[in-house]
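Keep the sequence and the 3D view open as you read.

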Amino acid sequence: MKNDYILYLEKCKALVDEPTTLIIGIDVSRLKHDACFGTKIKVIWQKFDFTNNLVGFEKFETKIKAICLEHGLKDVLISMEPTAIYWISLFEYLESKGRIVCLLDPSAVFFNRKTLQKDNGKSDPKDAFGCFDLTTQKKFYFTTDDSFVAFSAKLIMKNWMNIQRSMTSAKNRTRSFLSLVFPELESEIEEISSKKYLTLLKKYPTPSAIVSLSENDFVEKRTSELKGFKEKELTKIYHLAKLTIGVSLANEANTLIVQKLADDLIYLNEEENKWFQHCRKIAQINEGYSRIIKIKGLGDRILTGLMLSMGDYKLYSNATQITKLAGLNLIDKTSGSSINSPSHISHKGSHNLRYWAYHGALQVIKHPGPFQDLYNRKKKKSTLRGSGKRAVIAVSDKLVRTVWAILKKGGDFNPEHNKPKS
């Protein structure tokens, strides 16, 4: 895949040098797009706009054909800045017409604009010319095909993480209200979103609903309504319900609220699993997935999160860049009363990548191997408060670097690599 990617870019760059290539730079926006047409040696048409709909796209395609016919041009190379989601529809249309499209780095467009005009002002036609100018310099970075896949993965990943955040909020609300109605049960539940406890809350949302049955009848529900519970668990829950100090006023309202909270968590569980499956399917396309999953403690969810949060790993040339992307790079305080305090991570970069790296570290340190060894060394070395958390951060950094290295360079995970000499 990497070689195909490089060959495709080289083909695009070769087209720039051809005198018969029409080069088009497009500034993308929500309602309309601006385009600049030309070749490597001259600008043919600098100000052309078309609406962000089918009529506008057909107008743009007609203009391309007219300019090619008038100036005797054969090939067409189009470049654009991937602005939010507004470039996707245009890309699909251009792809259906067999056009070659490359994307420009947004920061490159921004800084190039400053070199092209003295007033540093921004306008859509100027940005379209800036895109055209960068393309003539061969300063485009990735093909739309490659980036479209990465963009789709990013969009699906965003939905997956949003569902997870909603689940966390729903769990907190459920626990909070359960602490009011049935505090003894709330303290017994380790994972509030587990299927068996959600079923219990749906069927018997309040202590009064539980004790409305005899103990034997309630315990027998494990064979029908409350599958997953053991007899001693239901016996304990029944006794807790009889001795509860929970609020029993407005019992009907309590019932409705607990059932609604349980319904929300059941729905979010299903949605989370659905979006995870979408994400995992994208991650498993990469052959590195099957090699990385062999790391002990690294499950499907964590590895999927790491790979999709990392994005296009080919864009990074060394592991230090990945550390910075995750916001795990260390910085020192240079002023103030805490100048002598320990270094801390920057927290700049991808929150999602840092999240999955940290939770991945918590899992891999449970298993004997290089990650557990690193954790023990770092924790033992630090005598200050918080040594355990700093050790986990160090493992997070090593984990995200390891995943990137296997994706970038290939090969299998080697537990003996970089192992300190005894």
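Q: Over the ring of which residue does the charged end of K63 sit?
A: The model is a predicted one. A charge sits over a ring only if it is within 6 Å of the ring centre and within 35 degrees of the ring normal. At 3.1 Å from the centre, the charged end of K63 sits over the ring of W45.

Q: How far from the ring centre of F229 is the charged end of K196?
A: The cut-off on distance is 6 Å. The charged end of K196 sits over the ring of F229, and its distance from the centre is 5.0 Å.

Q: Which buried residues does helix α8 have, and what do they line?
A: Helix α8 covers residues 195–203, and its buried residues are Y197, L198, L200 and L201. An α-helix has 3.6 residues a turn, so residues three or four places apart point the same way. Viewed down the axis of α8, the buried residues fall within an arc of 155°, so what they line is one face of the helix.

Q: Is E272 buried or exposed?
A: E272 is placed in helix α12, residues 251–283. Buried means under 20% relative accessible area. The relative accessible area of E272 is 8%, so the residue is buried.

Q: With which side chain does the side chain of E272 make a polar contact?
A: Leaving out residues up to four places away in sequence, E272 touches W160, I163, Q164, M167 and R301. A polar contact needs N or O atoms within 3.5 Å. At 3.4 Å, the side chain of E272 makes such a contact with the side chain of Q164.

Q: How many aromatic pairs are there, and are the rings of W160 and F276 stacked, tilted or edge-to-face?
A: Ring centres must lie within 6.5 Å to pair, and the count comes to 15 aromatic pairs. Planes under 30 degrees apart count as stacked and over 60 as edge-to-face. The rings of W160 and F276 have centres 5.6 Å apart and planes at 40°, so this pair is tilted.

Q: How many residues apart in sequence are the parts that W160 and F276 tie together?
A: W160 is buried at 0% relative accessible area. F276 is buried too, at 3%. W160 lies in helix α6 (residues 144–181) and F276 in helix α12, so the parts tied together are apart in sequence by 116 residues.

Q: Are the rings of Y355 and W356 stacked, tilted or edge-to-face?
A: Y355 counts as partly exposed at 28% relative accessibility, whereas W356 is buried at 4%. Their ring centres are 5.0 Å apart and their planes are at 85°, so the pair is edge-to-face.

Q: Which backbone nitrogen does the side chain of N318 reach?
A: N318 is placed in the loop between α14 (300–310) and α15 (319–325). At 31% relative accessibility, N318 is partly exposed. The side chains of N318 and S317 are joined by a polar contact of 3.4 Å. At 3.1 Å, the side chain of N318 also reaches the backbone nitrogen of T320.

Q: Which residue follows α18?
A: Helix α18 (residues 387–409) has 23 residues. From first C-alpha to last, α18 reaches 33 Å, close to the 33 Å expected at 1.5 Å a residue. Phi is positive, near 80°, at the residue that follows α18, G410.

Note on methods:
Residues are numbered from 1 along each chain as its sequence is written. This is a predicted model: local features need pLDDT of at least 70, side-chain atom pairs count only at pLDDT 80 or more; totals for chains, interfaces and linings use all residues. Side-chain values use heavy atoms; hydrogens and water are left out. Helices (H or I, at least four residues) and strands (E, at least two) are DSSP runs, numbered from the N terminus. Buried means under 20% relative accessible area, exposed over 50%, partly exposed in between (1.4 Å probe, protein chains only). A polar contact is a pair of N or O atoms within 3.5 Å; within protein, one must be able to donate a hydrogen and the other to accept it, and residues adjacent in sequence count only if both atoms are side-chain atoms. Contact means heavy atoms within 4.5 Å. The arc is that of the directions from the helix axis to the C-beta atoms. The expected span of a helix is 1.5 Å times one less than its number of residues. Rings of Phe, Tyr and Trp (its six-membered ring) pair if their centres lie within 6.5 Å; planes under 30 degrees apart count as stacked, over 60 as edge-to-face and the rest as tilted.
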